[in-house]
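Subject: A structure to look at, with notes

Dear colleague,

Please find the sequence and structure below, followed by my notes on what was found.

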Amino acid sequence: MSTADGDLLHTVNVDTISASRIRLGRTLLWASVALMFLTFGVQALFETGVTPFGFDTWRPVLFTYCLWAFALCMSRVMIYGEQGKKALFVLPAVLFVLSMVVFPLVFGLWISFSDWNLSSLTGRKFNGLDNFRQMLSDPFYWNALYNMLIYVAAIIVEYAIAFGLALLLNADIRARKFWRVTFLLPLMLSPVAVSWMVGKSMLEIRFGPLSRFAKWLGWEQPSFFGSPEIAKLTIMIMDAWTFIPFMMIMLLAGLQAMPKEVLEAAEVDGASRWQRFWEVTFPLMLPVSITAVMIRIIFKLKLADIIINVTSGGPGGATDSVTSFIFREYRDRSNVGYGTLLAMVYLVLIVIFMTVLLKIADWLVRRATGAR
């Protein structure tokens with residue numbers, strides 16, 4: 001009896017795998033890859049109008065992808081034995097991410113180069129760079145980008161308010177736990193609830209309590225969404241009221257984690273409160289501050305729900321964000337091709353913008369801490 005026959009715990013490694021089995025595994029893998037790319041190429045040429053033959057839908061490409069995924073898992077075991085079995089614990093997750101993230105991204109990129117309006121009877125047609133040229137001459141899209149710069153710049157004020165509240169709640173004041181819970185209440189509400197509760201009710205021009213209070217103070221026509229400047233400021237205040245507690249709680253956690261000995265030593269050395277804050281607290285809080293601001297920027301770049309529910313981008317697109325503008329391209333104009341291109345361009349801009357910000361943040365932390 002051989003070792004492989006008698007030992008039930010015998011593991012199959014590469015040395016015990018026959019050459020024919022390895023060749024069969026590689027043939028299976030490359031055949032599935034060739035079939036998948038062939039199916040994708042035929043469908044891509046058919047969709048662009050290069051060839052007259054193809055499939056009615058992209059479903060055959062999905063089937064060949066599933067076949068390739070199954071062949072990939074089988075070939076790993078056939079070629080590498082036990083090492084291939086270990087890979088089976090990771091491959092399903094990788095393939096799932098590939099199918100749920102990468103494929104929709106590629107398909108969205110494909111749609112962005114097509115003329116596809118759901119209200120049209122002609123269906124989807126490949127139009128090359130026409131959508132990109134339309135974007136370059138679209139004043140409403142550039143206005144939305146300009147608004148996003150203003151909305152993101154407002155985070156500086158939000159950060160200052162959040163830091164002040166964190167310092168206040170970190171101090172020894174009465175009912176400190178009560179005030180912590182109170183300041184966190186806006187964070188517990190969804191932006192949609194805030195938009196209806198505040199924007200549609202409290203700020204309503206005729207019967208809203210805040211509008212009536214503004215009229216009592218002397219504002220003759222208290223319209224919070226009538227002029228572009230006031231509407232934009234109101235949207236920023238509503239969004240800030242919702243998300244300032246998020247930065248506040250992160251900064252408060254950072255303040256509570258700071259070593260007390262450092263502040264006590266600065267106080268013994270005769271430093272004033274402002275000096276202790278600017279020379280000690282703020283530099284030590286810089287990593288936490290940058291993390292809070294970066295996360296807040298990510299949320300701000302997705303600002304849409306409050307704008308859609310309260311102003312729908314008005315008046316005249318004055319309050320539009322890029323996300324709300326793209327949403328209206330889909331919902332109101334049914335322009336899927338152009339809206340997808342706008343979303344893709346915005347994604348590229350976000351990646352570039354956040355990469356630059358992370359580089360700047362890393363430089364600031366290194367400069368503050370003296371690290372190289």
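Does Glu158 count as buried or exposed, and what is its relative accessibility? At 3% relative accessibility, Glu158 counts as buried, where buried means under 20% relative accessible area, exposed means over 50%, and partly exposed covers what lies in between, with a 1.4 Å probe and protein chains only.

Before going on, please keep in mind that this is a predicted model, in which local features need pLDDT of at least 70 and side-chain atom pairs count only at pLDDT 80 or more, while totals for chains, interfaces and linings use all residues. Residues are numbered from 1 along each chain as its sequence is written, and side-chain values use heavy atoms, with hydrogens and water left out.

Salt bridges

Side chains of opposite charge can pair when their charged atoms come close. A salt bridge is here a side-chain nitrogen of Lys or Arg within 4 Å of a carboxyl oxygen of Asp or Glu, and a search of the whole structure finds 11 of them. One of these joins the side chains of Glu158 and Lys300, at 3.1 Å from N to O. Because Glu158 lies in helix α8 and Lys300 in helix α14 (residues 273–301), the pair ties together parts that are 142 residues apart in sequence; helices are DSSP runs of H or I with at least four residues, numbered from the N terminus. Lys300 is buried as well, its relative accessible area being 1%.

Another salt bridge links Glu329 with Arg333, with the closest N and O atoms 3.1 Å apart. In this pair Glu329 counts as buried at 4% relative accessibility, whereas Arg333 is partly exposed at 39%. Salt bridges that share partners also join Glu158, Asp239, Arg296 and Lys300 into one network. The side chains of Arg206 and Glu204 meet in a salt bridge too, at 3.3 Å from N to O, and Arg206 counts as exposed, with 60% relative accessibility.

Two helices side by side

Helix α8 (residues 155–170) also meets helix α9 (residues 176–188): their axes come within 9 Å and cross at roughly 155°. Such axes are lines fitted to C-alpha atoms, for helices over the stretch in contact, and the angles run from 0 to 180 degrees between N-to-C directions. The two helices are therefore roughly antiparallel to each other, a term for angles over 145 degrees. Leu165, Leu169 and Asn170 in α8 meet Arg176, Trp179, Arg180 and Phe183 in α9, where contact means heavy atoms within 4.5 Å. The residues of this contact divide into 4 nonpolar, 1 polar and 2 charged; Ala, Val, Leu, Ile, Met, Phe, Trp, Tyr, Cys and Pro count as nonpolar, Asp, Glu, Lys and Arg as charged, and the others, Gly among them, as polar.

In the loop between α8 and α9 you will find Ala175, whose phi is near 55°, a positive value in a residue other than glycine. Ala175 is partly exposed, with a relative accessible area of 45%.

The loop between α15 and α16

Most residues other than glycine have a negative phi, and most peptide bonds are trans. The loop between α15 and α16 holds Ser312, which has a positive phi near 55°, and Pro315, which is joined to Gly314 by a cis peptide bond with omega about -5°. Asp320 lies in the loop between α15 (305–310) and α16 (322–331) and is buried, at 1% relative accessible area. Not counting residues up to four places away in sequence, Asp320 touches Ala144, Asn147, Tyr151, Ile307, Gly313, Phe325 and Arg328.

Cysteines and a buried glutamine

A disulfide is a pair of cysteine sulfur atoms within 2.5 Å, and the search of the whole structure finds 0 of them. Cys66 is in no disulfide, and the nearest cysteine sulfur, that of Cys73, is 11 Å away. Cys66 is partly exposed at 44% relative accessible area, while Cys73 counts as buried at 18%.

Finally, Gln43 is found in helix α2 (residues 19–47) and is buried, with a relative accessible area of 0%. Leaving aside neighbours within four places in sequence, Gln43 is in contact with Gly54, Phe55, Thr57, Trp58 and Val61.

Technical notes
Parallel < 35°, antiparallel > 145°, perpendicular 65-115°, else oblique.
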